[in-house]
Every structure is written in C-alpha cells, then in structure tokens.
Amino acid sequence: MDEQEELIQRLTRFYREARNDVPSTAPTWMPGQRRNVRWLQPVLASIALVILAAGVTVSIRMVRDQATRAKITPTPTVSAVPTPSPSASATSSWVMSRIPIGQVWTMSLDPSAVFALYAPGPTAGRPNPSETKLARIDRASGAVTTAGPFPSATLLARVTAGLWIGAGANQATPGADTQWLTLLDPTTLTVKRRVRLPGQPDPNTYSPPQLAGTSNWLWSGYGHSLYRLDPTTGRVLLTKTLPGTVASISIDPLGQRLYLGVDAASNPNAEALVIELDGSSGASLASAPTGGAGLGGPQVAAAPDGVWIAYATGMMGSVEHRTAKGLSLLSEADHGHTNGIHAFVAAAALWLVDSMAQRVSCADLRTGTIAASSQEMFPELFVGDSKGSYIGDADGVGFLRPDPACPH
C-alpha cells in the first residue's frame with residue numbers, strides 16, 4: 001500500500017467517525033447573534049487532515065530515503081580480533097620498477113649491475129632447477145642480459161676476477177652432475193673458468209652449498225666443511241671441518257671476519273651455532289649457541305660491529321645481534337616476525353625481509369629498531385649499497401625507493 005491509498009483511508013475513516021458530530025447543513029445565522037464555533041468544525045477537521053496527511057507523507061519519504069542510503073552505504077563493522085602490525089606501520093610498496101624474469105634464487109651486486117639467478121618459467125607448476133639462468137640487470141638503464149642455463153645454481157659471489165656461480169648436488173636427481181663453480185666475465189657473461197665444487201651435501205639433509213666473497217676473498221661452505229678458495233682460479237687453499245651443516249655464510253666488506261650459521265639437524269639434541277672466524281686464515285675466534293636448529297639453521301649477516309642472525313623457531317621468527325668480539329648477545333629485535341624472516345646488511349642499515357608476512361623493513365644497524373616498512377609480494381632477497389636497493393621475489397627483481405626514514 002502506497003501513501004496515497006493510506007491517506008484516502010485515513011480521511012474516509014475520519015469523516016465516518018465524525019458524521020454524528022458535524023451537521024449535514026450549515027447552521028442558520030441571525031443578525032445580532034454570535035456565531036457558534038460548531039459551524040467551523042468541518043473546516044477545522046479538513047485543515048487538520050491536510051496537516052496530518054502532509055506529515056505522514058514527509059515521514060514516509062524520510063524513512064524511505066534512510067532505507068535507500070542504508071543500502072548504498074552499509075554501516076562499517078569492527079573486527080573482534082585486532083590485526084597485528086609491526087612497530088613501524090607498513091606503507092605501500094617501495095618498488096619503483098620491476099624486471100619480471102621469474103623466481104629469483106639468489107642475487108649479487110656491483111657498482112654497475114644487479115646479478116640474479118632465476119627460474120625462467122615453471123614446469124608442471126613448479127620452478128625447474130635444471131633451467132636456472134643468470135640475468136645481468138644494468139642499474140642505470142634496466143637493460144637485461146641473460147646467460148645459461150646453469151643447472152641447480154644457487155650461489156653468486158662478485159670478486160675482482162669476475163662473477164662466480166655455484167651449483168650443488170641436485171638432490172631431486174642424485175645422478176645429475178651439477179656440482180660446479182663457474183667464473184664469468186661480469187659484463188659479457190662469457191665463461192672464463194669452470195672448476196669442481198669441493199665438498200658434498202650431508203646425507204638425508206637438505207644442505208645446499210654456501211658462498212661468500214669480497215674483492216680478494218672467496219669462501220665456500222658445504223656439508224660439514226668450510227673451504228677457502230682462490231678468488232681467481234677457484235682452487236682450494238684451506239679446508240676446515242665444522243661441528244654441523246653449514247646453513248649460511250657471510251663475510252664483512254673488509255674481509256676481516258667470517259661468520260657461519262651452523263645447523264645441527266643431524267643431532268636433534270644439539271643446538272644451532274653461530275661461528276666467527278678470521279677472514280683470511282680461517283682461525284676460529286668465537287662461537288655461540290643460537291636458534292634455528294632443524295628449521296633451516298641460522299642465517300647470518302655480517303655487520304661492522306658484529307653479526308645479525310635471523311632464524312625460524314617453528315612458531316615465529318627471531319632476530320638477534322651479537323658482538324664482533326666474543327659473540328656476546330647485544331639485542332634481540334622482536335617485531336612479530338614469522339618463520340620466513342631473513343636479515344641483510346647493506347647501505348648503512350639492517351634490512352629485514354619477511355616473506356610470510358610480505359613485508360620489507362629497514363632498521364637501525366646497531367639497535368635493530370625498525371624505521372619504516374613496506375608491503376611487498378612475497379619478498380625473499382635484498383641487495384643494496386649507497387646508490388640503490390633491490391629485492392628479489394617470485395616474479396623477478398624490484399628496484400626500490402625506500403622510505404626517507406630509512407637509515408642512510
């Protein structure tokens with residue numbers, strides 16, 4: 001029923017109820033007599049009904065307008081469970097431009113180029129390690145040069161002699177001969193030298209080789225062994241046995257200190273370790289227990305005053321800072337990291353890349369206090385210097401413009 005029909009019914013009901021009180025003929029008026037107010041009742045009743053009808057119409061229209069607005073703009077709801085957030089609010093992406101080459105396995109950097117080992121495309125829905133290729137991305141123009149494939153390659157180290165690529169055993173196909181180190185010209189990507197990768201993976205454990213280099217130093221860790229290599233020829237100069245499986249390796253830019261993250265996965269009762277060695281002789285300087293045993297081991301990142309360590313705990317991820325002398329614990333940076341947390345040191349800052357939280361953060365290199373964060377799509381890797389910062393993820397390499405609050 002619309003408002004017109006309702007108004008007609010109201011008027012009909014009013015006159016039916018009032019007909020006994022209102023005469024059918026107008027009263028006779030005699031001069032000299034005062035008029036009786038009853039003659040005004042029909043007029044007053046009609047006026048009242050008009051006012052009533054107008055009020056009803058306005059009310060119905062207001063209700064209808066409110067209902068229409070309610071359909072267009074629903075009332076927001078408040079979540080009963082607050083969403084966790086890092087100490088510094090995450091902003092939109094820092095990526096200025098992207099080189100979409102495919103899933104990136106590892107990255108390296110020199111003054112003119114970003115180097116990335118990547119899977120050019122999935123096979124049966126998964127990246128194919130046998131098709132791994134190398135991309136050289138010019139930092140000024142973004143021009144891409146590729147080479148390969150380099151089957152099962154996961155290692156990169158830029159030294160004065162060129163760019164070393166390393167590949168360990170393909171544990172999915174044990175019969176494949178993939179354990180090689182290859183030296184490339186960093187500009188043309190032509191092969192200069194190829195040598196056998198020393199060492200073997202630990203049996204029954206996923207233990208890919210590790211590689212770290214500076215201008216004049218090159219170190220490799222594989223299984224329970226550490227090797228110092230000639231950075232020009234790849235020849236083994238020194239071999240050292242370790243108390244566990246090498247999970248990560250990092251050398252400070254001056255080459256004075258070498259840090260290893262060692263996993264004790266083969267011994268369920270043993271703790272993971274961080275080990276500090278002399279960067280030239282390999283002499284042991286200190287060791288300390290840390291986290292990550294059986295969960296990929298501790299991931300180390302050498303810093304000017306010590307080492308940053310990131311590791312999974314099974315429930316969350318953790319980050320800690322230890323001194324250069326004695327590996328004493330300086331701080332633990334707990335910002336709600338997930339098991340996907342990794343730490344990188346570059347461009348006078350600590351960079352925390354959390355692939356599961358899809359977050360990249362910059363932090364104070366001494367305290368670990370986060371200065372700014374951005375939301376990125378499954379970031380995995382970070383390289384940078386004073387001239388630029390870059391991330392690697394499942395789609396390729398991103399050129400970053402970090403928040404101005406980041407240390408620099």
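User: How many disulfides does a search of the whole structure find?

Analyst: A disulfide is a pair of cysteine sulfur atoms within 2.5 Å, and the search of the whole structure finds 1. One note before we go on: this is a predicted model, where local features need pLDDT of at least 70, side-chain atom pairs count only at pLDDT 80 or more, and totals for chains, interfaces and linings use all residues. Residues are numbered from 1 along each chain as its sequence is written, and side-chain values use heavy atoms, with hydrogens and water left out.

User: Which residues does the disulfide join?

Analyst: Cys362 and Cys406 are the partners, with an S to S distance of 2.1 Å. Cys362 sits in strand β27 (residues 359-363) and Cys406 in the segment after β31 (397-400), so the link ties together parts that are 44 residues apart in sequence. Strands here are DSSP runs of E, at least two residues long, numbered from the N terminus. The angle about the S-S bond is -85°, which makes the link left-handed.

User: Are Cys362 and Cys406 buried or exposed?

Analyst: Buried means under 20% relative accessible area, exposed over 50%, and partly exposed in between (1.4 Å probe, protein chains only). Both Cys362 and Cys406 are buried.

User: How many salt bridges does the count come to?

Analyst: A salt bridge is a side-chain nitrogen of Lys or Arg within 4 Å of a carboxyl oxygen of Asp or Glu. The count comes to 7. One of them pairs Arg139 with Asp385, whose closest N and O atoms are 2.7 Å apart. Arg139 is in the loop between β7 (133-138) and β8 (144-147), while Asp385 is in strand β29 (residues 379-385), so this pair ties together parts 246 residues apart in sequence. Arg139 is buried at 12% relative accessibility, and Asp385 is partly exposed at 23%.

User: What is the space in the second largest pocket?

Analyst: Rolling a probe the size of a water molecule over the atoms shows where empty space is left. On a 1 Å grid over the protein atoms alone, a pocket is an open set of points where a 1.4 Å probe fits, with protein on both sides within 12 Å along at least five of seven lines; lining residues have an atom within 4 Å of a point. A volume is the space filled by probe spheres set on the points, which are joined across faces, edges and corners. Here the second largest pocket holds about 260 Å³. Its lining has 17 residues, and among those closest to the centre is Asp385.

Conventions:
Helix = DSSP H or I, 4+ residues; strand = E, 2+ residues; numbered from the N terminus.
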